[in-house]
Amino acid sequence: MRSAERDCAPQRKCGGLVSDTQPADRYLAIKVVMMPRDTNPHGTIFGGVILSYTDQAGAVGAHHEIRRAGWPHQTLVSVAMKSVEFHRPVFVGDTVSFWTRLVHVGRSSITMHVDVEADRYGEITHLTEAEVTYVAVDLSDGQRRTVPIRGSADPRPPATADTVTHP
Ligand SMILES: CC(C)(COP(=O)(O)OP(=O)(O)OC[C@H]1O[C@@H](n2cnc3c(N)ncnc32)[C@H](O)[C@@H]1OP(=O)(O)O)[C@@H](O)C(=O)NCCC(=O)NCCS
């Protein structure tokens, strides 16, 4: 990511582009418009739809952090989705953004915080948040083995967002 983009506030025009990133290392992983097919019997958006996008967004954000740190590409599987909180209902027609932030990197795991927000006529509504952990796996020999997320020869200890260094 170009540093000029990283320094831009969300929705602020930077060099003629609307930036999808902002300080504090939030990353816009997914942005989607909610459709009638996504509703529950009450007519609001089904929580499982939000969970599915949250899982996808966390993975997109995790791959982003891995690329950003200069680590090798990994196959990631979701191992845990914790502390999911649905703060507000989501409505058909909402434009919903899934923002991710790095929480922790272990030997084989990476944990992402996902914030889900709607932009309702320029007003941001905080809808849902969750913490999702992914594990790097090697599926090449028909087995499922966990692998070091930073690459095979990296001896560094577990890290948080504050201590991961980027090239
Ligand atoms: C992911 C998987 C390979 C991990 O296997 P495992 O035997 O638990 O592996 P380990 O015990 O060595 O744990 C691997 C890492 O996952 C982390 N982990 C395991 N369970 C966890 C949990 N419930 N919450 C958070 N992290 C967890 C461990 O802390 C470890 O992290 P580290 O290497 O950074 O220290 C296995 O659980 C699996 O295949 N799960 C299904 C994944 C899947 O199909 N996801 C899609 C859902 S439909």
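Two strands pair if DSSP finds at least two bridges between them. Keep that in mind as you explore this predicted model.

**Stop 1: the ligand.** Select the ligand and then the residues around it. You will find 13 residues surrounding the ligand, and the closest are Ala80, Gly106, Arg107, Ser108 and Ser109. The elements that supply two or more residues to this shell are strand E5 (75-86) and strand E8 (123-138). Which strand gives the most? That is E5, with four residues.

**Stop 2: E5 beside E8.** Now show E5 and E8 together. These strands run antiparallel to each other and are joined by nine bridges. Click on threonine 75, and look across to E8, where valine 137 stands opposite.

**Stop 3: E7 and its turn.** Next, select strand E7 (residues 109-120). E7 also pairs with E8 in the antiparallel sense, this time over twelve bridges. Pick arginine 120 and find its bridge partner in E8, glutamate 123. E7 and E8 make a hairpin with two residues between them. Zoom in on tyrosine 121 in that turn, which has a positive phi of about 55°.

**Stop 4: on to E9.** E8 and E9 pair in the antiparallel sense over two bridges. Return to valine 137, whose bridge partner in E9 is threonine 146. How many residues lie between the strands in the hairpin of E8 and E9? There are six, and glycine 142 in this hairpin takes a positive phi near 80°.

Definitions and conventions. Residues numbered from 1 in each chain as written. Predicted model: local features only at pLDDT ≥ 70, side-chain atom pairs only at ≥ 80, totals over all residues. Near = placed C-beta within 6 Å.
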